[in-house]
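Keep the viewer open as you read.

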Amino acid sequence: MKTAVKPLYIDLPTVAGMVSLSTDSVQRQVREENFPKPRQIGPRRVAWLVREVEQWAEERPVSQILPPENTGRRAA
């Protein structure tokens with residue numbers, strides 16, 4: 001029986017998908033110190049701690065604005 005193991009670290013594309021932002025937006029927010037910084041996990045490799053990304057997401061304020069009806073839809 002295999003047990004699913006939650007990852008400790010995730011890469012930039014995974015972080016962006018996890019928080020529904022583009023990779024550019026994540027990088028900008030890191031530079032502006034509005035998002036957790038990645039950790040050095042190898043000589044030329046960085047990744048984010050899952051728990052820090054989850055904590056950041058949980059700390060976001062609740063919006064009083066509902067998303068527009070066309071959110072996520074592409075124009076034909």
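## A walk through the model

Lysine 6 counts as exposed, at 51% relative accessibility; here exposed means over 50% relative accessible area, buried means under 20%, and partly exposed is in between, with a 1.4 Å probe and protein chains only. Before going further, some housekeeping: this is a predicted model, so local features need pLDDT of at least 70 and side-chain atom pairs count only at pLDDT 80 or more, while totals for chains, interfaces and linings use all residues. Residues are numbered from 1 along each chain as its sequence is written, and side-chain values use heavy atoms, with hydrogens and water left out.

So what does lysine 6 form a salt bridge with? The partner is glutamate 54, and the closest N and O atoms are 3.0 Å apart. Lysine 6 sits in the segment before strand S1 (9-10) and glutamate 54 in helix H3 (residues 50-58), so this pair ties together parts that are 48 residues apart in sequence. For the element names, helices (H or I, at least four residues) and strands (E, at least two) are DSSP runs numbered from the N terminus. Glutamate 54 is partly exposed, at a relative accessible area of 30%.

Searching the whole structure turns up 2 salt bridges, where a salt bridge is a side-chain nitrogen of Lys or Arg within 4 Å of a carboxyl oxygen of Asp or Glu. Arginine 39 and glutamate 52 also meet in a salt bridge, at 2.3 Å from N to O. Here arginine 39 is in strand S2 (residues 39-42) and glutamate 52 is in helix H3, so to speak linking distant parts of the chain, 13 residues apart. Arginine 39 is partly exposed with a relative accessible area of 34%, whereas glutamate 52 counts as buried at 17%. As a general point, side chains of opposite charge can pair when their charged atoms come close.

Now for the inside. Which residues make up the largest nonpolar core? There are 12 in all: Ile10, Leu12, Val15, Ala16, Val19, Val26, Val30, Phe35, Trp48, Val50, Val53 and Trp56. The term stands for a set of buried Ala, Val, Leu, Ile, Met, Phe, Trp, Tyr and Cys residues joined through side-chain atoms within 4.5 Å. Helix H1 (12-18), helix H2 (23-31) and H3 are the elements that give two or more residues to this core.

Phenylalanine 35 is buried at 5% relative accessibility, and tryptophan 56 is buried at 12%.

Stay on tryptophan 56 for a moment. Leaving aside neighbours within four places in sequence, tryptophan 56 is in contact with Val19, Leu21, Gln29, Asn34, Phe35 and Pro36, contact meaning heavy atoms within 4.5 Å. One of these, asparagine 34, lies in the loop between H2 and S2 and is partly exposed at 41% relative accessibility. Asparagine 34 and tryptophan 56 are 22 residues apart in sequence, with their C-alpha atoms 9.0 Å apart in space.

Back out to the surface. Leu8, Tyr9 and Ile41 form a nonpolar patch there, with about 300 Å² of accessible area together. Patches are made of residues with over 30% relative accessible area and no salt bridge: like charges are joined within 9 Å, and nonpolar side chains (Val, Leu, Ile, Met, Phe, Trp, Tyr) within 5 Å. The areas come from the Shrake-Rupley method with a 1.4 Å probe, and for residues only the protein chains shown count as cover.
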